[in-house]
Amino acid sequence: MSGIRIGIDLGGTKVEAIALGPDGTERCRIRVPTPRDYEASLEALVELVARLEREAGGTGPVGVGIPGTVSPVTGLVKNANSTWLIGHPLDKDLAERLRRPVRVMNDANCFALSEASDGAGAGASVVFGVILGTGVGGGVVVDGRPLQGAQLIAGEWGHNPLPWPTDDERPGLPCYCGKRGCVETFLSGPGLERDHERATGRAWTTRRIAEAIGQEDGGARAAYARYVDRLARGLATVVNVLDPDVIVLGGGMSNFPSLAEDAQAALASWVFTDHVRTRVVKNLHGDSSGVRGAAWLWPAP
Ligand SMILES: [Zn+2]
């Protein structure tokens, strides 16, 4: 009855935990609000693991996805927008309390790993998983393993500058990272909202913009067209360097109907090749990719 893998997605507002069987099927799932305090978060995770194991009737290794990384230099969490995790050795503290090894990884890498393992990128050798949400991130999986890199930032294309900028895209808006004109300032949900408002004077949410596109609204459609072209430019620089087989789109913006197909079509204008074979696809597991990928951080039992 052992032989499960446990995945936890420690998000900014909710913690989600699942137990996967040896073949990757889901045995059970629990969701609780995220405590906004480090000690309370540790306690919540220990409690979640205990509940999962009772319900799934087994035990196994634990993988945790976080909105940040554990620094290879200090062993402490950095770059997390769940700021109460910053400066703590989350993997060590959890391993101690759970009395087993724990792997902690950036949530964008977990997304990419999930989609590469049994999602929209299954069977592909090189998968680039893209998060287009409140922020813009990404992760790279090569032959089923996350590529982390020397700084653990492999795939973090959101803080590259928007490539081939037009005059009205320069110098771009300030980004929280300290630079201007980052890909994230254009391709996040708030980035689309700002662009649409600047052009139309309407302060609409991405959801409202999406609805208006369906109703043939000119301003919304124009903002979406600019978004697709910018997405294609941003992805083209990734393709020129990494040349992935598949790009999987995730995050709230990936729910725009036909975004993957439109980005695929626009990519050909920008990639340094005569024929783009890289496929751009929507994710398969939706919001569950993060937690599934965390479980996939461990090999099958
Ligand atoms: Zn930035």
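1. Before you start, some ground rules. The model is predicted, so local features need pLDDT of at least 70 and side-chain atom pairs count only at pLDDT 80 or more, while totals for chains, interfaces and linings use all residues. Residues are numbered from 1 along each chain as its sequence is written, and side-chain values use heavy atoms, with hydrogens and water left out.

2. Begin with the metal. Which residues hold the zinc ion? They are His159 (through ND1), Cys175, Cys177 and Cys182 (each through SG), at 2.1 to 2.3 Å. Donors here are N, O and S atoms within 2.8 Å of the metal (3.2 Å for Na, K and Ca); water is not among the atoms, so sites may look incomplete. Along the chain, the zinc donors follow the spacing H-x15-C-x1-C-x4-C.

3. Next, the geometry of that site. The four donor atoms subtend angles of 104 to 120° around the zinc ion, which makes the arrangement tetrahedral.

4. Cys182 is buried, with a relative accessible area of 1%, whereas Cys177 is partly exposed, at 33%. Buried means under 20% relative accessible area, exposed over 50%, and partly exposed in between (1.4 Å probe, protein chains only).

5. Now look at the loop between strand 10 (145-147) and helix 4 (183-187), where you will find Pro171. Helices (H or I, at least four residues) and strands (E, at least two) are DSSP runs, numbered from the N terminus. A cis peptide bond joins Arg170 and Pro171, with omega about -5°. Leu152 is also in the loop between strand 10 and helix 4; Leu152 has a positive phi of about 60° although it is not a glycine, and it is buried at 18% relative accessible area.

6. Ser258 is another non-glycine residue with a positive phi, of about 70°. Find it in the loop between strand 11 (246-250) and helix 8. Is Ser258 buried or partly exposed? Its relative accessible area of 35% makes it partly exposed.

7. Helix 8 (residues 259-267) packs with helix 7 (residues 218-242): their axes come within 8 Å and cross at roughly 60°. Axes are lines fitted to C-alpha atoms, for helices over the stretch in contact, and angles run from 0 to 180 degrees between N-to-C directions. The two helices are therefore oblique to each other (angles under 35 degrees count as roughly parallel, over 145 as roughly antiparallel, 65 to 115 as roughly perpendicular and the rest as oblique). Residues of helix 7 including Tyr224, Leu231 and Val239 meet residues of helix 8 including Leu259, Ala263 and Leu267; contact means heavy atoms within 4.5 Å.

8. The contact involves, among others, Tyr38, Leu42 and Val49 of helix 1 and Leu90, Leu94 and Leu98 of helix 2.

9. Last, two single residues. Asp195 sits in helix 5 (residues 189-200) and counts as buried at 11% relative accessibility. Leaving aside residues up to four places away in sequence, Asp195 touches Ala223, Arg226 and Arg230. Gly58, in the loop between helix 1 (38-56) and strand 4 (62-66), is buried at 13%.

How values were computed:
Tetrahedral: all angles 85-135°; square planar, octahedral: opposite > 155°, others 65-115°.
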